[in-house]
Amino acid sequence: MKTLITRPARGLHGSLTVPGDKSISHRSLMIGAISHGMTTIQHFLPAADCLSTLTALQQVGVQITRQATTVQVQGRGLTGLIAPKKALQMGNAGTATRLLMGLLAGQAFDSTLIGDASLSQRPMARVSEPLQTMGAELTLTDGHLPVTIHGRPLQGTHYDMTVASAQVKSALILAALQAKTPSTIVEQLPTRDHTERLLNAFGAKITTAVDHRTITVQPQPQLQGQTVTVPGDLSSAAFFITAASIVPGSKITLKRVGLNPTRTGLLDVLARMGGKIEIERLQNPGEPLGNLTVTAAKLQPIDLTAADIPAVIDELPLVALLAATADGVSHISGAGELRVKETDRISTICTELRKLGVAITAQPDGFIIDGRQPWRLQTTQMDSHGDHRIGMMVAIAALRLTTSLQLAQATAINISYPTFFEDLRQLLPATEVLA
Ligand code: S3P
């Protein structure tokens, strides 16, 4: 049980460099593993999810050393991985699991992926079914983990995606690299493109059509190890962006944050809500990045529909929190994917915000929030439900209150942001820090 920090009278102030991007940390490890020569990853995210990827890759023969946030990966080439001695334990890591299903599908050995209780409930057929169109062979357990991948030669595919998911797209791209012929993948809506950008930086030939949805992968590239500097994770910065927006008197700067346009939905949402955010763009090859200065603001309600969702998918708990302080009714729809995240986030967002007295109604694919209703605390006993992003959303909501809250299962936050509470404290005047 963790006691959460409550309302800092003068708001949040100062500046912070957030830890490295989770999506890019996973991908840098995997792409380094199938390249030739050494890959050096700087500002790597040493959180539980990325460490699951690191350990799994070591189990398929990749030499990896890590000192704090610097990682060195000795690549084994596209076909050089070796059979693991036991099942690969993926913990809570959905991205790692799904991308590895693609990466391992074309290798010359069998491997089995297992995970924790939450990961074992998440759908995996969305990855195995498209992979099967390439000739891949995977055995699932009722559509879930444990999954056994029977590695075998693959052929190229043309696949029209049925879900907007960067994890599924990336699994297909990683498998397509190993195929005999080119592949084309067509997305319903554009999703994060870190896999495409990184692979091209390592020497692959992946092109995206002007529609931002049609991706062509040339097989059998000679990938060459690189030095990757991972940008700060916008999905982690998002907690402090939200905090500074909703806690009166705040003004903070977040430095060197990744600003890939497939990820910046929260910045657009906040601008539409009347939030105050200044962006200073910095020169960087590969992934755009910049410094963000956020000032507290009076917010207006927002309506989001399906096309808005992929670029803000992981920040929707925070959109709900922003909407809960806005002067009107917000409608979020087309976000059914929230039901199959680390928890059913439509349900866990509603449960936790209702405890604070927020007027939020669940919908099958989103929620409706009336921010005009003043919060009336129903209980001080909050819960992350084992979901890192729900735990951090609750910790940020607590900054609006004067009554102290307890957070159960707070350690779930280590899945993506082990230094979250230390970083939050850095943005608060020393006299205000209670926990
Ligand atoms: C991710 C893609 C998204 C996102 C997840 C990370 C990635 O999942 O929610 O946190 O790194 O590819 P989906 O692909 O399932 O939408």
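The model is predicted, so local features need pLDDT of at least 70 and side-chain atom pairs count only at pLDDT 80 or more, while totals for chains, interfaces and linings use all residues. Residues are numbered from 1 along each chain as its sequence is written, and side-chain values use heavy atoms, without hydrogens and water.

**The ligand**

- Residues with a heavy atom within 4 Å of the ligand include Arg27, Thr95, Gln167, Arg192 and Asp314.
- The shell around the ligand holds three nonpolar, four polar and four charged residues; Gly counts as polar, and Asp, Glu, Lys and Arg as charged.
- Ser23 has a side-chain N or O atom 2.7 Å from an oxygen atom of the ligand.
- Ser165 places a polar side-chain atom 2.7 Å from a ligand oxygen atom.
- In Lys341, a side-chain N or O atom is 2.7 Å from an oxygen atom of the ligand.
- On its own the ligand has 380 Å² of accessible area, and the protein covers 95% of that (Shrake-Rupley method, 1.4 Å probe).

**The cavity**

- Rolling a probe the size of a water molecule over the atoms shows where empty space is left.
- A cavity is a set of points, on a 1 Å grid over the protein atoms alone, where a 1.4 Å probe fits but cannot get out.
- The whole structure has one cavity of 30 Å³ or more.
- The largest cavity holds about 50 Å³ of space, the volume being that filled by probe spheres set on the points.
- Its lining residues, which have an atom within 4 Å of a point, include Asp21, His194, Pro231, Arg263 and Glu287.
- This lining divides into four nonpolar, four polar and three charged residues.

Conventions. 1 Å grid on protein atoms, 1.4 Å probe; cavity = no way out; pocket = protein on both sides within 12 Å on 5 of 7 lines; lining within 4 Å. Polar contact = N/O pair within 3.5 Å; in protein donor to acceptor, adjacent residues only side chain to side chain.
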